[in-house]
Amino acid sequence: MNVALLFAILTPLVWGFSNILDKYVIAHKVKNPLSFAVVAAVVNVLIGSILAIFLDWSNVAFMDCIYPIIAGFLLGLQFYFYFLILQKEDVSHILGLVYIYPLLLAILSYIFLKEVIKPLGYIGAGVLLVGIFMLSLRIRKIKLSIGVWMIIAMILLITGYEFFVKIATMNLSTLHGIAISITSSGITVLPALLSSKTRKGFLREIKNGVWAVINECFTFMALFSVYFAMNGLPVTIVASIGAIQPLIVLLIERIADNLFGKITKDHLLLPKLIPITLIVIGVILVYISQLV
């Protein structure tokens, strides 16, 4: 199997497990999500710095670092919304809606990277949008606790993050890009400490430092997989394979909810399974369209 394809398949598995672990920690361990995000950010800076120590930077130009810095910055901004959303909503709901981003990524790739969108891709886009619509109706029925603008922000940030990861792999070695991105993602979150409420919460959330280390090790593994996948495959394909993540999350979410305590509000499986399956099928069709 192509190594890049293997990493592309591993990425949604790692992210999916990481999402549920984050949800469990936020639901049962954390009192101030933004303060915990800062603790996690410190861990990310440490992980990135440790990796950077073992790399040779003598031939790396400053301009080569710009794109991985931007990718990390967008990933860091994502953290602000991610931890706040996890406190209030089911992971499967949010990921289902967020996974409209491969369409935006396909458009960006078509415009800037000349990756062609074929007719089957448009059919897949239609199926995906039907799934998004059905899931949004379900979420509306159970009353979404967050602003729609937060979901839109997440979609745009994820789109930008993966797009700039792809560009970063064109100008820099994969390990250098990972070290820069994970470090800059952590640095992006640190200004949250300017808030007195976040600072006070940060001191309390340090006790959850072990959880932060475990969670961010998964973040590192996911970023590692994304970079290596993007290094060998078109960005549209990587994003499309990643569309299986909502189904993975839905499965793990159900298991975790039964074993480790309540982490979901919507306990009915079918109303979530049907639209999320349509979303996955739609994005897979986009992926297949790149192969035919």
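The expected span of a helix is 1.5 Å times one less than its number of residues. Helices here are DSSP runs (H or I, at least four residues), numbered from the N terminus; strands are runs of E, at least two. This is a predicted model, in which local features need pLDDT of at least 70, side-chain atom pairs count only at pLDDT 80 or more, and totals for chains, interfaces and linings use all residues. Residues are numbered from 1 along each chain as its sequence is written, and side-chain values use heavy atoms, with hydrogens and water left out.

**Overall make-up**
- The protein has 13 helices and 0 strands.
- Of its 292 residues, 54% are buried (under 20% relative accessible area; exposed is over 50%, partly exposed in between; 1.4 Å probe, protein chains only).
- Take contacts (heavy atoms within 4.5 Å) between residues at least 6 apart in sequence: 92% of them join residues at least 24 apart.

**Helix α10**
- Helix α10 covers residues 209-232, which is 24 residues.
- Its span should be 34 Å, and its end C-alpha atoms lie 35 Å apart, which agrees.
- Buried residues of α10 include N215, E216, L223, Y227 and M230.

**Nonpolar core**
- A nonpolar core is a set of buried Ala, Val, Leu, Ile, Met, Phe, Trp, Tyr and Cys residues joined through side-chain atoms within 4.5 Å.
- The largest one has 56 residues; F36, F81, F83, Y161, V165, L223 and Y227 have the most contacts inside it.
- Helices α1 (3-28), α2 (33-53), α3 (66-88), α7 (148-171), α8 (174-189), α10 and α11 (235-241) each supply at least two residues of this core.
- The most comes from α7, with 10 residues.

**Y227 and T174**
- Leaving aside neighbours within four places in sequence, Y227 contacts P68, A71, V165, A168, T169, T174, G177, I178 and S181.
- T174 sits in helix α8 and is buried, at 10% relative accessible area.
- Not counting residues up to four places away, T174 touches Y227, F228 and N231.

**Packing of α2 on α8**
- The axes of α2 and α8 come within 7 Å and cross at roughly 155°.
- Axes are lines fitted to C-alpha atoms, for helices over the stretch in contact, and angles run from 0 to 180 degrees between N-to-C directions.
- The two helices are therefore roughly antiparallel (angles over 145 degrees).
- Residues making the contact include A37, A41 and G48 of α2, and I178, I182 and G186 of α8.

Technical notes
Parallel < 35°, antiparallel > 145°, perpendicular 65-115°, else oblique.
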